Amino acid sequence: MNVLRIIPFLIFLSIALTGYSADEVPLRELAAKRGMLIGAAANMMIQRGTQYAETLAREMNILTPENELKFHRTHPAEDRYDFQNADALVDFAETNGMKVRGHTLIWHQSIPRWMRDREWTRDELLNVMRDHIQAVAGRYKGRIYAWDVVNEYFDNKGEPRKSLWSETLGSAYMEYAHHFALEADPSAKLIVNEYDIENINAKSDGMYRRVKDYVDRGVPVDGVGFQMHVLYDWRFDADEFARNLQRFADLGLEIHITELDVRIKQPVTPEKLKKQADLYAAILRTCLDQPACKVFIMWGFTDRFSWIPFTFKGFGDGLIFDRDFQPKPAYEAIHEVLSR
Ligand code: G3I
(Lines give C-alpha, C1' and ligand atoms only; values in the text may rest on other atoms or scores of the structure.)
Protein backbone atom coordinates (compact mmCIF):
# COMPACT_ATOMS: atom_id res chain seq x y z
CA MET A 1 0.00 0.00 0.00
CA ASN A 2 1.30 3.46 -0.87
CA VAL A 3 1.87 5.10 2.56
CA LEU A 4 1.65 8.57 1.06
CA ARG A 5 -2.02 7.95 0.31
CA ILE A 6 -2.96 7.87 4.04
CA ILE A 7 -1.27 11.19 4.96
CA PRO A 8 -4.39 13.28 4.16
CA PHE A 9 -6.38 10.92 6.42
CA LEU A 10 -3.83 11.36 9.23
CA ILE A 11 -4.05 15.15 8.91
CA PHE A 12 -7.86 14.91 8.99
CA LEU A 13 -7.64 12.64 12.08
CA SER A 14 -5.30 15.07 13.86
CA ILE A 15 -7.68 17.97 13.23
CA ALA A 16 -10.77 15.90 14.07
CA LEU A 17 -9.28 14.61 17.33
CA THR A 18 -7.79 17.83 18.65
CA GLY A 19 -9.06 20.64 16.47
CA TYR A 20 -5.40 21.23 15.84
CA SER A 21 -4.40 22.22 12.38
CA ALA A 22 -1.50 19.97 11.38
CA ASP A 23 0.03 22.80 9.37
CA GLU A 24 0.54 24.87 12.56
CA VAL A 25 4.05 24.47 13.92
CA PRO A 26 3.83 23.04 17.47
CA LEU A 27 4.94 25.31 20.32
CA ARG A 28 7.88 23.04 21.17
CA GLU A 29 9.39 23.47 17.69
CA LEU A 30 9.09 27.25 17.84
CA ALA A 31 10.50 27.30 21.39
CA ALA A 32 13.46 25.08 20.49
CA LYS A 33 14.51 27.60 17.83
CA ARG A 34 14.61 30.20 20.63
CA GLY A 35 16.58 27.92 22.97
CA MET A 36 13.53 27.83 25.24
CA LEU A 37 11.98 24.92 27.09
CA ILE A 38 8.18 25.20 26.99
CA GLY A 39 6.11 22.78 29.00
CA ALA A 40 3.31 21.88 31.34
CA ALA A 41 2.55 20.09 34.55
CA ALA A 42 1.32 16.61 33.68
CA ASN A 43 -0.67 13.91 35.42
CA MET A 44 -1.49 10.24 34.90
CA MET A 45 -3.87 11.05 32.06
CA ILE A 46 -0.83 10.26 29.94
CA GLN A 47 -1.96 6.65 30.35
CA ARG A 48 -5.70 7.23 30.12
CA GLY A 49 -6.25 10.00 27.58
CA THR A 50 -5.24 9.81 23.93
CA GLN A 51 -5.93 13.51 23.29
CA TYR A 52 -4.17 14.41 26.53
CA ALA A 53 -1.04 12.45 25.71
CA GLU A 54 -0.98 13.52 22.05
CA THR A 55 -1.41 17.22 22.80
CA LEU A 56 1.21 17.17 25.56
CA ALA A 57 3.78 15.33 23.44
CA ARG A 58 3.07 17.41 20.34
CA GLU A 59 3.29 20.86 21.94
CA MET A 60 5.73 20.60 24.87
CA ASN A 61 9.44 19.78 25.20
CA ILE A 62 9.48 19.62 29.01
CA LEU A 63 7.03 18.41 31.64
CA THR A 64 6.68 18.59 35.40
CA PRO A 65 4.92 15.70 37.15
CA GLU A 66 2.16 17.71 38.87
CA ASN A 67 2.01 15.50 41.95
CA GLU A 68 3.75 12.19 41.37
CA LEU A 69 7.24 13.24 42.56
CA LYS A 70 5.96 14.80 45.77
CA PHE A 71 7.09 13.41 49.12
CA HIS A 72 3.80 11.73 50.08
CA ARG A 73 3.48 10.08 46.67
CA THR A 74 7.04 8.68 46.42
CA HIS A 75 7.56 7.90 50.12
CA PRO A 76 4.17 6.81 51.51
CA ALA A 77 5.67 4.84 54.42
CA GLU A 78 8.94 5.26 56.33
CA ASP A 79 10.30 2.00 54.91
CA ARG A 80 8.52 2.11 51.53
CA TYR A 81 8.95 4.09 48.31
CA ASP A 82 6.51 4.05 45.39
CA PHE A 83 7.81 5.27 42.05
CA GLN A 84 5.29 3.64 39.72
CA ASN A 85 3.54 6.82 38.56
CA ALA A 86 6.67 8.96 38.63
CA ASP A 87 8.44 6.36 36.48
CA ALA A 88 5.55 6.45 33.99
CA LEU A 89 5.74 10.23 33.65
CA VAL A 90 9.54 10.31 33.32
CA ASP A 91 9.41 7.45 30.79
CA PHE A 92 6.66 9.28 28.85
CA ALA A 93 8.81 12.40 28.70
CA GLU A 94 11.90 10.56 27.51
CA THR A 95 9.90 8.55 24.94
CA ASN A 96 8.62 11.86 23.51
CA GLY A 97 11.92 13.72 23.54
CA MET A 98 10.90 15.87 26.50
CA LYS A 99 12.95 16.99 29.51
CA VAL A 100 11.64 16.65 33.06
CA ARG A 101 11.44 19.14 35.92
CA GLY A 102 11.41 17.40 39.27
CA HIS A 103 8.81 18.80 41.68
CA THR A 104 9.47 18.72 44.61
CA LEU A 105 11.85 17.05 47.04
CA ILE A 106 11.00 19.02 50.19
CA TRP A 107 7.81 21.03 50.82
CA HIS A 108 5.82 22.06 53.85
CA GLN A 109 2.79 20.45 52.19
CA SER A 110 2.70 16.83 50.87
CA ILE A 111 4.26 15.59 54.12
CA PRO A 112 3.04 12.00 54.54
CA ARG A 113 1.07 10.93 57.59
CA TRP A 114 3.93 8.78 58.99
CA MET A 115 5.96 11.97 59.32
CA ARG A 116 3.16 14.16 60.64
CA ASP A 117 2.06 11.74 63.34
CA ARG A 118 5.18 11.78 65.51
CA GLU A 119 7.85 14.01 67.01
CA TRP A 120 11.29 14.20 65.41
CA THR A 121 14.69 15.07 66.78
CA ARG A 122 16.93 17.21 64.62
CA ASP A 123 19.19 14.28 63.71
CA GLU A 124 16.26 11.94 62.98
CA LEU A 125 14.61 14.41 60.59
CA LEU A 126 17.91 15.28 58.91
CA ASN A 127 18.41 11.57 58.25
CA VAL A 128 14.89 11.32 56.80
CA MET A 129 15.60 14.30 54.53
CA ARG A 130 18.94 12.88 53.36
CA ASP A 131 17.53 9.38 52.78
CA HIS A 132 14.51 10.74 50.87
CA ILE A 133 16.56 12.98 48.60
CA GLN A 134 19.16 10.28 47.96
CA ALA A 135 16.40 7.76 47.11
CA VAL A 136 14.29 10.03 44.88
CA ALA A 137 16.88 12.28 43.20
CA GLY A 138 19.24 9.32 43.05
CA ARG A 139 16.69 7.14 41.25
CA TYR A 140 16.35 9.66 38.41
CA LYS A 141 20.02 10.67 38.34
CA GLY A 142 20.89 12.14 34.95
CA ARG A 143 17.22 12.21 33.85
CA ILE A 144 15.99 15.40 35.56
CA TYR A 145 16.74 18.80 34.02
CA ALA A 146 16.05 20.66 37.25
CA TRP A 147 14.73 19.94 40.73
CA ASP A 148 12.58 22.21 42.81
CA VAL A 149 14.64 21.14 45.80
CA VAL A 150 12.62 23.01 48.45
CA ASN A 151 9.25 24.41 47.39
CA GLU A 152 7.76 27.56 48.95
CA TYR A 153 10.42 28.08 51.63
CA PHE A 154 9.43 31.72 52.28
CA ASP A 155 6.55 33.45 54.03
CA ASN A 156 5.08 36.66 52.62
CA LYS A 157 7.65 38.70 54.55
CA GLY A 158 10.54 36.91 52.86
CA GLU A 159 11.44 34.94 55.98
CA PRO A 160 11.51 31.14 56.30
CA ARG A 161 7.89 29.98 56.73
CA LYS A 162 7.18 27.90 59.80
CA SER A 163 7.04 24.19 58.96
CA LEU A 164 8.07 20.79 60.28
CA TRP A 165 11.33 21.34 58.42
CA SER A 166 12.14 24.83 59.70
CA GLU A 167 10.95 24.18 63.24
CA THR A 168 13.04 21.00 63.60
CA LEU A 169 16.11 21.75 61.49
CA GLY A 170 16.23 25.54 61.61
CA SER A 171 16.25 27.95 58.64
CA ALA A 172 19.35 26.24 57.22
CA TYR A 173 17.26 23.17 56.19
CA MET A 174 17.04 24.44 52.61
CA GLU A 175 20.81 24.49 52.18
CA TYR A 176 21.08 21.01 53.70
CA ALA A 177 18.57 19.85 51.05
CA HIS A 178 20.57 21.50 48.27
CA HIS A 179 23.76 19.75 49.38
CA PHE A 180 21.93 16.39 49.56
CA ALA A 181 20.44 16.98 46.10
CA LEU A 182 23.84 17.79 44.60
CA GLU A 183 25.25 14.58 46.08
CA ALA A 184 22.33 12.55 44.70
CA ASP A 185 22.30 14.02 41.18
CA PRO A 186 25.14 16.40 40.21
CA SER A 187 23.61 16.77 36.72
CA ALA A 188 20.31 18.34 37.81
CA LYS A 189 19.95 22.09 38.19
CA LEU A 190 18.95 22.98 41.75
CA ILE A 191 16.13 25.52 41.89
CA VAL A 192 14.50 27.57 44.65
CA ASN A 193 10.82 27.65 43.64
CA GLU A 194 8.33 30.22 45.01
CA TYR A 195 4.99 31.94 44.39
CA ASP A 196 3.97 35.61 44.70
CA ILE A 197 7.48 36.83 43.87
CA GLU A 198 6.64 38.30 40.44
CA ASN A 199 6.84 41.81 41.80
CA ILE A 200 9.71 43.38 43.74
CA ASN A 201 8.28 42.97 47.23
CA ALA A 202 9.22 41.74 50.71
CA LYS A 203 8.93 38.11 49.61
CA SER A 204 11.03 38.41 46.46
CA ASP A 205 13.53 40.62 48.32
CA GLY A 206 13.84 37.94 51.01
CA MET A 207 14.33 35.28 48.37
CA TYR A 208 16.95 37.43 46.64
CA ARG A 209 18.88 37.91 49.89
CA ARG A 210 18.83 34.19 50.63
CA VAL A 211 19.92 32.96 47.19
CA LYS A 212 22.59 35.70 46.99
CA ASP A 213 23.91 34.44 50.33
CA TYR A 214 23.94 30.89 48.89
CA VAL A 215 25.83 32.05 45.79
CA ASP A 216 28.30 34.02 47.91
CA ARG A 217 28.94 31.04 50.25
CA GLY A 218 29.03 28.38 47.53
CA VAL A 219 25.80 26.64 48.58
CA PRO A 220 24.78 24.65 45.45
CA VAL A 221 22.00 26.60 43.68
CA ASP A 222 21.50 27.01 39.93
CA GLY A 223 18.31 28.97 39.57
CA VAL A 224 15.05 30.36 40.83
CA GLY A 225 11.52 29.31 39.95
CA PHE A 226 8.69 31.83 39.60
CA GLN A 227 5.45 29.86 39.93
CA MET A 228 3.22 32.64 38.53
CA HIS A 229 -0.31 31.60 39.45
CA VAL A 230 -1.95 34.87 38.41
CA LEU A 231 -5.32 36.50 37.75
CA TYR A 232 -6.46 37.37 34.21
CA ASP A 233 -6.85 41.05 35.18
CA TRP A 234 -3.54 41.27 37.04
CA ARG A 235 -1.99 44.70 36.37
CA PHE A 236 1.24 43.20 34.99
CA ASP A 237 4.19 45.61 35.13
CA ALA A 238 6.58 44.13 32.55
CA ASP A 239 9.38 46.56 33.46
CA GLU A 240 9.24 45.65 37.17
CA PHE A 241 9.07 41.94 36.34
CA ALA A 242 12.09 42.33 34.00
CA ARG A 243 14.05 44.16 36.72
CA ASN A 244 13.13 41.45 39.19
CA LEU A 245 14.35 38.71 36.83
CA GLN A 246 17.52 40.67 36.05
CA ARG A 247 18.71 40.83 39.65
CA PHE A 248 18.55 37.03 39.92
CA ALA A 249 20.19 36.67 36.49
CA ASP A 250 22.98 38.98 37.70
CA LEU A 251 23.77 36.31 40.33
CA GLY A 252 24.46 33.89 37.48
CA LEU A 253 21.22 32.00 38.11
CA GLU A 254 18.75 30.50 35.64
CA ILE A 255 15.19 31.80 35.68
CA HIS A 256 12.37 29.26 35.39
CA ILE A 257 8.71 30.16 34.96
CA THR A 258 7.49 27.01 36.66
CA GLU A 259 3.68 26.96 37.17
CA LEU A 260 2.05 29.67 35.08
CA ASP A 261 -1.71 29.76 34.87
CA VAL A 262 -3.98 32.78 34.40
CA ARG A 263 -7.25 32.15 36.16
CA ILE A 264 -10.46 33.79 34.91
CA LYS A 265 -13.42 34.79 37.07
CA GLN A 266 -16.51 33.04 35.75
CA PRO A 267 -18.37 33.55 33.46
CA VAL A 268 -15.75 33.40 30.74
CA THR A 269 -16.21 36.04 28.03
CA PRO A 270 -14.25 36.79 24.81
CA GLU A 271 -12.95 39.96 26.50
CA LYS A 272 -11.59 37.97 29.46
CA LEU A 273 -10.00 35.41 27.12
CA LYS A 274 -8.33 38.29 25.24
CA LYS A 275 -6.98 39.72 28.49
CA GLN A 276 -5.71 36.26 29.43
CA ALA A 277 -4.03 35.87 26.03
CA ASP A 278 -2.37 39.28 26.31
CA LEU A 279 -1.03 38.37 29.77
CA TYR A 280 0.38 35.03 28.62
CA ALA A 281 2.06 36.82 25.71
CA ALA A 282 3.50 39.62 27.87
CA ILE A 283 4.97 37.17 30.40
CA LEU A 284 6.49 35.03 27.66
CA ARG A 285 7.97 38.09 25.94
CA THR A 286 9.60 39.18 29.20
CA CYS A 287 11.06 35.70 29.63
CA LEU A 288 12.33 35.59 26.03
CA ASP A 289 13.95 39.02 26.48
CA GLN A 290 15.90 37.70 29.50
CA PRO A 291 18.74 35.37 28.34
CA ALA A 292 18.77 33.62 31.75
CA CYS A 293 15.07 32.68 31.40
CA LYS A 294 15.30 29.15 30.05
CA VAL A 295 12.04 27.49 31.09
CA PHE A 296 8.39 28.49 30.53
CA ILE A 297 6.10 25.93 32.14
CA MET A 298 2.34 26.18 32.65
CA TRP A 299 0.56 24.39 35.46
CA GLY A 300 -1.27 22.12 33.07
CA PHE A 301 -2.30 22.76 29.49
CA THR A 302 -6.02 21.94 29.22
CA ASP A 303 -8.76 23.46 31.35
CA ARG A 304 -10.12 19.97 31.79
CA PHE A 305 -7.37 19.29 34.35
CA SER A 306 -6.52 22.22 36.62
CA TRP A 307 -6.23 22.81 40.35
CA ILE A 308 -7.84 26.24 39.98
CA PRO A 309 -11.58 25.46 40.29
CA PHE A 310 -10.92 23.34 43.39
CA THR A 311 -8.98 26.12 45.09
CA PHE A 312 -10.48 29.36 43.78
CA LYS A 313 -14.27 28.97 43.77
CA GLY A 314 -15.79 30.80 40.79
CA PHE A 315 -12.53 30.81 38.86
CA GLY A 316 -11.18 28.52 36.14
CA ASP A 317 -10.17 28.39 32.49
CA GLY A 318 -6.58 29.29 33.36
CA LEU A 319 -4.75 27.34 30.67
CA ILE A 320 -4.08 27.48 26.93
CA PHE A 321 -6.29 24.64 25.67
CA ASP A 322 -9.97 24.40 26.55
CA ARG A 323 -11.64 21.32 28.05
CA ASP A 324 -11.95 19.79 24.57
CA PHE A 325 -8.27 20.32 23.78
CA GLN A 326 -9.08 23.19 21.43
CA PRO A 327 -6.45 25.95 21.31
CA LYS A 328 -7.63 29.13 23.08
CA PRO A 329 -6.61 32.72 22.28
CA ALA A 330 -3.83 32.29 24.85
CA TYR A 331 -2.37 29.45 22.75
CA GLU A 332 -2.49 31.60 19.61
CA ALA A 333 -0.88 34.49 21.51
CA ILE A 334 2.02 32.33 22.73
CA HIS A 335 2.37 30.82 19.25
CA GLU A 336 2.59 34.30 17.75
CA VAL A 337 5.23 35.49 20.25
CA LEU A 338 7.36 32.41 19.65
CA SER A 339 6.97 32.78 15.86
CA ARG A 340 8.52 36.25 15.75
O1 G3I B 1 -5.66 11.42 43.37
C2 G3I B 1 -6.52 11.63 44.52
C3 G3I B 1 -7.87 10.96 44.30
O4 G3I B 1 -7.68 9.55 44.23
C5 G3I B 1 -8.80 11.31 45.48
O6 G3I B 1 -10.07 10.76 45.25
C7 G3I B 1 -8.91 12.84 45.58
C8 G3I B 1 -9.81 13.28 46.71
O9 G3I B 1 -9.08 13.18 47.93
O10 G3I B 1 -7.59 13.39 45.81
C11 G3I B 1 -6.73 13.12 44.69
O12 G3I B 1 -5.46 13.68 44.95
C13 G3I B 1 -5.45 15.10 44.87
C14 G3I B 1 -4.38 15.51 43.85
O15 G3I B 1 -4.21 16.93 43.80
C16 G3I B 1 -4.72 15.01 42.44
O17 G3I B 1 -5.85 15.68 41.99
C18 G3I B 1 -5.07 15.65 46.25
O19 G3I B 1 -6.15 15.41 47.15
C20 G3I B 1 -4.82 17.16 46.15
O21 G3I B 1 -4.32 17.64 47.38
C22 G3I B 1 -3.78 17.43 45.08
O23 G3I B 1 -3.64 18.83 44.96
C24 G3I B 1 -2.44 19.25 44.31
C25 G3I B 1 -1.78 20.33 45.20
O26 G3I B 1 -0.63 20.87 44.55
C27 G3I B 1 -1.33 19.73 46.53
O28 G3I B 1 -0.31 18.79 46.30
C29 G3I B 1 -2.80 19.86 42.94
O30 G3I B 1 -3.25 18.83 42.06
C31 G3I B 1 -1.59 20.55 42.35
O32 G3I B 1 -1.96 21.25 41.16
C33 G3I B 1 -1.00 21.55 43.33
O34 G3I B 1 0.15 22.09 42.76
C35 G3I B 1 0.83 23.07 43.57
C36 G3I B 1 2.31 22.88 43.36
O37 G3I B 1 2.68 21.55 43.70
C38 G3I B 1 3.10 23.92 44.15
N39 G3I B 1 2.67 25.27 43.78
C40 G3I B 1 1.22 25.49 43.95
C41 G3I B 1 0.44 24.48 43.13
C42 G3I B 1 -1.05 24.73 43.26
O43 G3I B 1 -1.45 24.50 44.58
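**Why these terms apply: strands, helices and cores**

Guide: Thr104 has its place in strand β3 (residues 99-107). The model under discussion is a predicted one.

Visitor: Why are α12 and α14 called roughly parallel to each other?

Guide: Helix α12 (residues 270-288) packs against helix α14 (residues 329-339) at an angle of about 30 degrees, their axes lying 8 Å apart. Angles under 35 degrees count as roughly parallel, and the pair is therefore described in that way. The crossing of α12 and α14 is right-handed.

Visitor: Which residues of α12 and α14 meet?

Guide: From α12 come Leu273, Gln276, Ala277, Tyr280, Ala281, Leu284, Arg285 and Leu288, and from α14 come Pro329, Ala330, Ala333, Ile334, Val337 and Leu338. By class, the contact of α12 with α14 comprises 12 nonpolar, 1 polar and 1 charged residue. Arg counts as charged, and Arg285 is one of the contact residues in α12.

Visitor: How many residues has the largest nonpolar core, and which have the most contacts inside it?

Guide: The largest nonpolar core has 107 residues, and Leu56 and Phe296 have the most contacts inside it. The largest share of this core, 10 residues, is contributed by α12. Another core, of 7 residues, lies apart from it and includes Leu37, Ile62, Tyr145 and Val295.

Visitor: With what is Phe296 in contact, leaving aside its neighbours within four places in sequence?

Guide: The contacts of Phe296 beyond those neighbours are Met36, Leu37, Ile38, Gly39, Ile257, Leu260, Tyr280, Ile283, Leu284 and Ile334. Among them, Tyr280 and Leu284 of α12 and Ile334 of α14 also take part in the contact of the two helices.

Visitor: Why is Asp196 called partly exposed?

Guide: Asp196 has a relative accessible area of 42%. Buried means under 20% and exposed over 50%, so a value in between is partly exposed, and Asp196 is classed accordingly. Asp196 is in the loop between β5 (189-194) and α10 (202-217). Its phi, near 55 degrees, is positive although the residue is not glycine.

Visitor: How do you know in which class of accessibility Asp317 belongs?

Guide: The relative accessibility of Asp317 is 24%. With the limit for buried at under 20%, Asp317 therefore counts as partly exposed. Asp317 is situated in the loop between β10 (315-316) and α14, and its phi is near 50 degrees, a positive value in a residue other than glycine.

Technical notes:
Residues numbered from 1 in each chain as written. Predicted model: local features only at pLDDT ≥ 70, side-chain atom pairs only at ≥ 80, totals over all residues. Heavy atoms only, no water. Axes fitted to C-alpha atoms, helices over the stretch in contact; angles between N-to-C directions. Helix = DSSP H or I, 4+ residues; strand = E, 2+ residues; numbered from the N terminus. Parallel < 35°, antiparallel > 145°, perpendicular 65-115°, else oblique. Left-handed = near helix turned anticlockwise from the far one by under 90°. Contact = heavy atoms within 4.5 Å. Core = buried A, V, L, I, M, F, W, Y, C linked by side-chain atoms within 4.5 Å. Buried < 20%, exposed > 50% of the residue type's maximum accessible area, 1.4 Å probe, protein only.
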